[in-house]
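Open your viewer and get ready to click along. We'll go stop by stop, picking a selection and then looking at what is there.

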Amino acid sequence: MTVLPDHELLAWSQSTDSVLQDLEVDAARGLAENEALKRQQKFGRNTLKGAQQRHPVSILIDQFKSIVIVLLIAAGVLAMLFSNIAEAVAILIVILINGSIGFVTEWRAIRSMEALRRYAQVTCVLLRAGNVRHAVAEELVPGDIVLLEAGDLVPADLRLVQAAKLNADESTLTGESLPVHKHTDPLAKDTIMLDRRNMAYKGTAITRGAGRGVVVATGMRTEFGKIFEQVSEAEAQQTPLEKRLDSLGERLAWAVILIGAFVAVGGILSGRETVLAIEVAIALSVAAIPEGLPIVATIALARGMWRMAKRNALITRLSAVETLGATSVILTDKTGTLTENRMSVTTALLADGDIEVDGSIDPGSVAQLDDLLTAAALCNDATLQRSAEADGSGVGDPTEVALLVAAAKRGIWREELLDGLPEVDEDAFDPDSKRMATVHEHDGHYKVAVKGAPEVILSSCSAVYSKSGTVPFGHDDLAKWLDRVDRLCRRGLRTIAIADKSVDTANTELYTGLILHGILGLEDPARAGVKVAIDRCRDAGVTVVMVTGDHAATASNIAAKIGVIDDLTDTRQFLGGELVDQMFEEGRNDELLATRVFSRVTPEQKLKLIDLYQQRGDVVAMTGDGVNDAPALKKADIGVAMGVRGTAVAKEAAAMVLQDDEFGTIVSAIEHGRAIFENIRKFVVYLLSCNISEVLVVSLATMAGAPLPLLPLQILFLNLVTDVFPALALGVGPGRPSLMKRKPRSPGERILMRRQWLEIGLYGVVMALVVLSAMAIALRYLGLEREKAVTVAFCTLALSQLWHVFNMRGNLARLIDNEITRNIWIWLALALCMMLVLAAVYTPVLNTVMQLSDPGFSGWLLIVISSLVPLVVAPVVRRVASINGTAINPSFS
């Protein structure tokens with residue numbers, strides 16, 4: 001076997017027959033499966049070397065680079081210098097625990113992202129052993145035959161053997177932005193890669209036409225692989241949310257350091273030991289810094305991605321998770337998203353009448369129908385195996401597959417037709433011209449088969465087939481046929497015109513002088529559950545706009561059935577693409593924004609509509625599946641590609657890929673996005689209010705010259721226990737059902753608005769006053785010794801912070817049944833924290849180090865009652881914050 005990599009084979013310089021011969025493959029059948037397996041063992045899988053993974057040691061080292069760890073190390077060094085070994089060991093343990101938690105969470109987040117990326121595999125259409133099937137690009141080996149059409153990503157380096165108006169976007173490889181026209185003719189050996197028009201290279205995109213190529217290089221031997229090998233790994237980018245949280249953490253860190261300095265100076269001036277004052281200040285600074293902010297944000301976003309993936313929404317960019325929650329407008333295609341995309345031919349319009357294809361057919365119309373279906377089968381790029389006739393499955397565009405199925409039911413098979421009418425040329429379907437043609441040789445003459453949008457094809461016809469033969473087709477006939485088409489569309493059917501003509505030469509004008517066979521009506525019913533999903537969008541303040549290339553009557557019929565529009569008689573709600581540009585030019589933006597159904601829309605008009613909504617301040621989600629949708633998917637705030645029928649180019653451009661193509665999946669993703677933002681907000685409010693309470697407890701005691709309610713190690717212990725576990729549990733909560741009953745948040749809304757800052761401050765003050773009051777009662781009224789009084793303060797603060805997690809519920813009136821109580825992670829976190837607090841009080845060695853002792857029954861009674869006060873006064877705090885706050889979107893109400 002002489003299979004060689006492309007640069008050795010010089011495939012571009014050889015004829016197609018020579019390349020196929022060198023690769024020992026038949027272009028009509030492809031490789032045999034056993035031969036493909038042998039070649040895969042020799043050349044390996046068609047993959048690029050994975051990006052270098054971060055080494056676990058690197059991740060671990062990063063956990064000890066923060067200002068938090070620096071402060072902890074400083075405290076430990078001071079403890080060692082003053083011979084406080086127990087405290088130094090305890091601080092070392094805190095450092096290790098903090099680092100371990102950070103390491104585990106970041107490691108799991110990275111691995112989760114890698115696993116999600118494995119979902120997004122490139123597929124191709126492969127010819128092997130005479131069968132055409134979808135295949136994962138990794139399966140390809142040199143010699144495989146790959147079928148190409150507009151929207152495909154080229155899966156390997158290919159030498160083209162067929163090309164019909166084939167254009168490719170090679171900007172990812174060459175930087176050239178203009179599409180490159182492809183052909184199959186051999187080129188000179190010294191032709192540079194940029195000019196090899198008979199090659200299709202891995203990673204480039206087919207933008208127009210159709211073709212077929214033989215694989216000459218895979219994996220790292222491709223041109224893309226050679227460049228990939230030279231590129232160093234790029235740094236991972238933070239999401240905007242993570243950047244805001246990091247910035248918030250840094251600002252708070254410096255503010256707390258200043259507070260720590262004040263506490264240290266104040267303690268020394270009040271007569272405390274210098275070492276103790278400094279240790280308390282450092283411990284207090286560490287306790288007040290919200291070091292868990294970026295960790296929980298990453299976990300919340302990554303877990304959100306996994307949840308969405310389980311619901312068939314594959315997120316390709318982490319930043320899209322947070323943007324989803326602010327989505328206010330969805331511009332959605334009709335076919336396959338709002339409908340099932342299971343096309344079936346139901347009706348045929350012939351010159352002598354209408355026929356229901358699956359019903360009884362007038363014997364006089366049988367020949368006409370068969371001729372129509374024959375032309376539809378010839379002008380077709382899909383493939384249909386005989387075993388697939390019953391279930392309608394096949395490889396190719398669903399509309400073309402439906403045409404083949406309808407023909408097959410009449411005993412008409414494309415493969416058999418091609419035996420007598422071999423295809424010699426093709427003008428591939430063009431979304432702009434909305435038509436397609438194939439040229440077939442027959443007895444020294446040529447037959448041109450054409451299909452396309454009725455208004456396009458009808459205007460190119462000069463005659464029509466009827467029972468009595470071919471009759472002229474004039475202007476009056478055009479109007480009558482268009483009226484018949486409109487009636488079909490009002491039934492919700494898609495329509496496609498079929499025509500042909502005979503010519504003496506293959507090099508002819510394809511779209512003039514056509515003879516019309518008829519119009520086929522295809523049914524594509526609305527998806528089950530899509531009306532419910534649209535109702536949910538309406539409740540959530542999300543506007544749904546249908547933007548489709550379909551006929552206006554078809555689009556409006558489906559839109560009315562599923563609730564996109566309320567009344568078919570209200571013509572202000574739908575608009576044809578032919579008027580969109582005019583309205584933009586006239587500045588009639590309000591009318592465009594009020595429209596809910598846009599039909600016959602071009603890709604350029606989609607871009608204009610997205611821009612119009614974004615200028616109004618909307619966050620726009622846009623669905624698409626074709627190569628022409630890619631610019632719109634990139635421009636939208638959330639580009640949503642179809643995973644089942646979407647082209648590879650569309651998937652590459654999108655931020656989210658629907659694995660099931662269902663509209664309801666978008667709505668579920670929006671709900672998850674809202675829940676993630678709210679969870680992070682809850683976590684931040686909870687964490688900062690707990691930290692502020694610790695700062696205030698020590699600061700107020702220092703200013704009053706009172707005994708310290710909390711010692712350094714106790715502060716560190718509380719920070720570790722109450723900050724980490726309940727906060728993490730809040731960050732991964734499922735969200736509350738009422739989230740989809742509110743309007744979308746503004747895209748510019750910060751995590752902490754004025755209202756949240758007021759809540760943080762008020763909750764912190766309440767918990768601090770409760771702790772100081774409990775300690776005062778323990779000393780003055782219960783007569784407890786100082787160590788037991790400090791234990792009362794310690795446990796009161798610990799429990800009040802644990803109960804404080806229930807104050808993060810959205811509806812304070814629902815104390816028992818709410819999103820917090822339904823979160824199993826909250827209960828596990830509380831159970832673990834309670835055990836750790838009790839261990840700190842009652843474990844012999846630990847309580848000695850922590851300077852804690854059993855407060856007795858009266859002490860515990862005081863602790864329990866006092867710790868419940870913040871939970872009881874929470875409605876008052878929320879009410880005060882809501883009156884004085886000016887948040888765009890109230891935090892949890």
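Which residue in β21 is the bridge partner of leucine 575? Select leucine 575 and phenylalanine 598 together: phenylalanine 598 is the partner. Keep in mind on this tour that you're looking at a predicted model.

**Stop 1: the open sheet**

Now widen your selection to strands β20 and β21. Strand β21 covers residues 597-599, runs parallel to β20 and is joined to it by 3 bridges. Both belong to an open sheet of 8 strands, and you can trace it in the order β8-β24-β23-β22-β9-β19-β21-β20. The pairing in this sheet is mixed. At the edges sit β8 (313-315) and β20 (574-576), each pairing on one side only. In general, strands of a sheet pair through backbone hydrogen bonds, either parallel or antiparallel.

**Stop 2: a hairpin and its other neighbour**

Next, select residues 435-442 (β13) and 445-452 (β14). These two strands run antiparallel, with 8 bridges joining them. Together β13 and β14 form a hairpin with 2 residues between them. Click on aspartate 443 in the turn, which has a positive phi of about 50°.

**Stop 3: two helices crossing**

Select helix α28 (residues 786-804) and helix α31 (residues 856-867). Their axes come within 8 Å and cross at roughly 35°. The crossing is right-handed. Show side chains to see who makes the contact: from α28 they include Val792, Leu799 and Trp803, and from α31 they include Trp860, Leu862 and Ile863. What kinds of residues make up this contact between α28 and α31? They divide into 7 nonpolar, 6 polar and no charged.

**Stop 4: the largest nonpolar core**

In soluble globular proteins, nonpolar side chains tend to be buried together. The largest nonpolar core here has 107 residues, and Met656, Phe663 and Phe794 touch the most other members. Helix α25 (residues 663-704) gives this core its largest share, 17 residues. Zoom in on phenylalanine 663: leaving aside neighbours within four places in sequence, its contacts include Ile330, Leu338, Val530, Ile534 and Val544. Apart from this core lies another one, of 35 residues, among them Ala376, Leu404, Leu421 and Leu520.

Stay with helix α25 and click on asparagine 679, which lies in it. Is asparagine 679 buried or exposed? Asparagine 679 has a relative accessible area of 4%, so it counts as buried, the cut-off being under 20%. Not counting residues up to four places away in sequence, asparagine 679 touches Leu730, Gly731, Val732 and Gly733.

**Last stop: a loop residue**

Finally, jump to leucine 10, in the loop between α1 (6-9) and α2 (16-22). Its relative accessible area is 25%, so leucine 10 is partly exposed.

Terms used. Residues are numbered from 1 along each chain as its sequence is written. This is a predicted model: local features need pLDDT of at least 70, side-chain atom pairs count only at pLDDT 80 or more; totals for chains, interfaces and linings use all residues. Side-chain values use heavy atoms; hydrogens and water are left out. Two strands pair if DSSP finds at least two bridges between them. Helices (H or I, at least four residues) and strands (E, at least two) are DSSP runs, numbered from the N terminus. Axes are lines fitted to C-alpha atoms, for helices over the stretch in contact, and angles run from 0 to 180 degrees between N-to-C directions. A crossing is left-handed if the near helix is turned anticlockwise from the far one by less than a right angle, and right-handed if clockwise. Contact means heavy atoms within 4.5 Å. Ala, Val, Leu, Ile, Met, Phe, Trp, Tyr, Cys and Pro count as nonpolar, Asp, Glu, Lys and Arg as charged, and the others, Gly among them, as polar. Buried means under 20% relative accessible area, exposed over 50%, partly exposed in between (1.4 Å probe, protein chains only). A nonpolar core is a set of buried Ala, Val, Leu, Ile, Met, Phe, Trp, Tyr and Cys residues joined through side-chain atoms within 4.5 Å.
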